[in-house]
Structure formats: structure tokens, C-alpha cells
Amino acid sequence: MKKVLLLNASYEPLNICSWKRAVVLLLKGKATSVEHQGATVNNDMALPSVIRLLYYIKTPYKSIPLTRKNLMHRDKYTCQYCSRRGHNLTIDHVLPRSRGGRDEWENCVVACHHCNTKKGNRTPEEAAMPIKKRPVRPVNFMNFEISKQSRDLTHYQDWIKYFYTI
Ligand SMILES: [Zn+2]
């Protein structure tokens, strides 16, 4: 069944809903279509892939747990030293744990086994291995979770531009 990305009035991802629910929101004038596909409903309304609420919903703040899966998602399953993807990936502590480096979003990056071994007990500067992208803590829980869930969905290409923190 086709899924639709529901955005808040602010364009932040809010949820994933069924296309039927999306059409109801559009017909009730509660949302507007932002992205759509060629297919139509009753030949007059393009089937949406992304819709946006016309009113703002306040969402509670939730922190995102530091887990292997979440780190992999933040770094797009890509080694942050050599850009190798999805192969033998590990978690590297930028400042090694043996030297006081902590388990924090800002101190952990995805690294392939080769780079992790090569870097060893050194900092990126000492090893002359610059990090591709400075590791940060993702702040928007909904944005992060929805982008994680939707990675394998067919509309991901339509949706990806709305996921801004990863
Ligand atoms: Zn690597």
C-alpha cells in the first residue's frame, strides 16, 4: 500500500500515513499536497507522496538514543574516513576510549574495518585521516525516526529532501 509522508506546517516530518488518510486530510482542507505521483484518484486528484498540514502541531522533545543502528543511519552506512559503504562497518571513537573518548554522538563515527584498524589508538589528526563530516547529535526525533523507517520505501527519493538533520 502506498505511504505518504505527512509534514507539519513548518515542513518538518511528522508521520507516515496511508494514502487514504492523506486524501481525507486533503479533502477536508486540513492539508495540502506537496509532492505527488502521476497516478490519480477519481481522475481528478493526483495521488500525493508528501502532504503538509495547514496548521502547526507541537511535538514533544525526545532525545535520540545512541545505538549502533542509529549511528549507522546518521552516517548513512558509510565509512567516515574513506567513504566505503555498507561493508564490514564498525563504530570508531574519534578520540579513542583508551584516551578518555566517550560514547557520545560527537565522538563516534562509522568506519570500515580497514580504516578503524589503520587509525588504531590515534586521533584523526595524528593518523592524518580527516573525518568526512563532523559528527553531530541528531536533534529532531521525528525527523530521524521517520527517515530511518522510510529508507527502504519507494518514495524515499521524493521524501529525502524533507529530512534535514541527517
Ligand atoms: Zn574506511
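Into which domains is the protein divided?

## Domains and model

The protein is divided into domain 1 (3-58 + 140-162) and domain 2 (68-127), with bounds that come from an automatic or database domain assignment. This is a predicted model, in which local features need pLDDT of at least 70 and side-chain atom pairs count only at pLDDT 80 or more, while totals for chains, interfaces and linings use all residues. Residues are numbered from 1 along each chain as its sequence is written, and side-chain values use heavy atoms, with hydrogens and water left out.

## Domain interface

The C-alpha centres of domain 1 and domain 2 lie 34 Å apart. Contact (heavy atoms within 4.5 Å) involves 5 residues of domain 1 and 5 residues of domain 2. The two domains bury about 520 Å² between them, with 61% of this on carbon and sulfur atoms. Buried area here is the accessible area (1.4 Å probe) that two parts lose on being put together, summed over both.

On the domain 1 side, Phe144, Lys148 and Arg151 lose the most area to domain 2, together 91% of what that side buries.

## Nonpolar cores

In soluble globular proteins, nonpolar side chains tend to be buried together. A nonpolar core is taken as a set of buried Ala, Val, Leu, Ile, Met, Phe, Trp, Tyr and Cys residues joined through side-chain atoms within 4.5 Å. Buried means under 20% relative accessible area, exposed over 50%, and partly exposed in between (1.4 Å probe, protein chains only).

The largest nonpolar core has 12 residues in all, among them Met72, Cys79, Tyr81, Leu89, Val110 and Met129. Strand β6 (residues 108-112) gives the most to this core, with 4 residues. Helices (H or I, at least four residues) and strands (E, at least two) are DSSP runs, numbered from the N terminus. Leaving aside residues up to four places away in sequence, Leu89 touches Arg68, Met72, Tyr77, Thr78, Cys79, Arg84, Val110, Ala111 and Cys112. A second, separate core of 10 residues includes Val4, Cys17, Leu25 and Leu53.

## Aromatic pair

Rings of Phe, Tyr and Trp (its six-membered ring) pair if their centres lie within 6.5 Å; planes under 30 degrees apart count as stacked, over 60 as edge-to-face and the rest as tilted. By this rule the count comes to 1 aromatic pair. The ring centres of Trp105 and Phe144 are 6.1 Å apart and the planes stand at 80 degrees, so the pair is edge-to-face.

Trp105 is in the loop between β5 (89-93) and β6, and Phe144 is in helix α5 (residues 141-149), so the pair links distant parts of the chain, 39 residues apart. Both Trp105 and Phe144 are buried.

## Salt bridges

A search of the whole structure finds 8 salt bridges. One of them joins Glu35 and Lys161, with the closest N and O atoms 2.8 Å apart. Glu35 lies in strand β3 (residues 31-41) and Lys161 in the segment after α6 (156-159), so the pair ties together parts that are 126 residues apart in sequence. Glu35 is buried at 16% relative accessibility, whereas Lys161 is exposed at 53%.

Arg102 and Glu104 form another salt bridge, the closest N and O atoms being 3.6 Å apart. Arg102 is exposed at 56% relative accessibility, and Glu104 is partly exposed at 31%. In helix α5, Lys148 and Glu145 lie 3 residues apart, about one turn of the helix. Their closest N and O atoms are 3.2 Å apart in a salt bridge, and Glu145 is buried at 17% relative accessibility.

## Backbone and a histidine

Most residues other than glycine have a negative phi, and most peptide bonds are trans. Lys76 has a positive phi, near 55 degrees. Lys76 is in the loop between α2 (68-74) and β5 and is partly exposed, with a relative accessible area of 31%. Ala128 also has a positive phi, about 55 degrees. Ala128 lies in the loop between α4 (124-127) and α5 and is exposed at 63%.

His114 is placed in helix α3 (residues 113-119) and is partly exposed, with a relative accessible area of 47%. His114 and Tyr77 are 37 residues apart in sequence and 15 Å apart in space, C-alpha to C-alpha.

Key. Salt bridge = Lys/Arg side-chain N within 4 Å of Asp/Glu carboxyl O.
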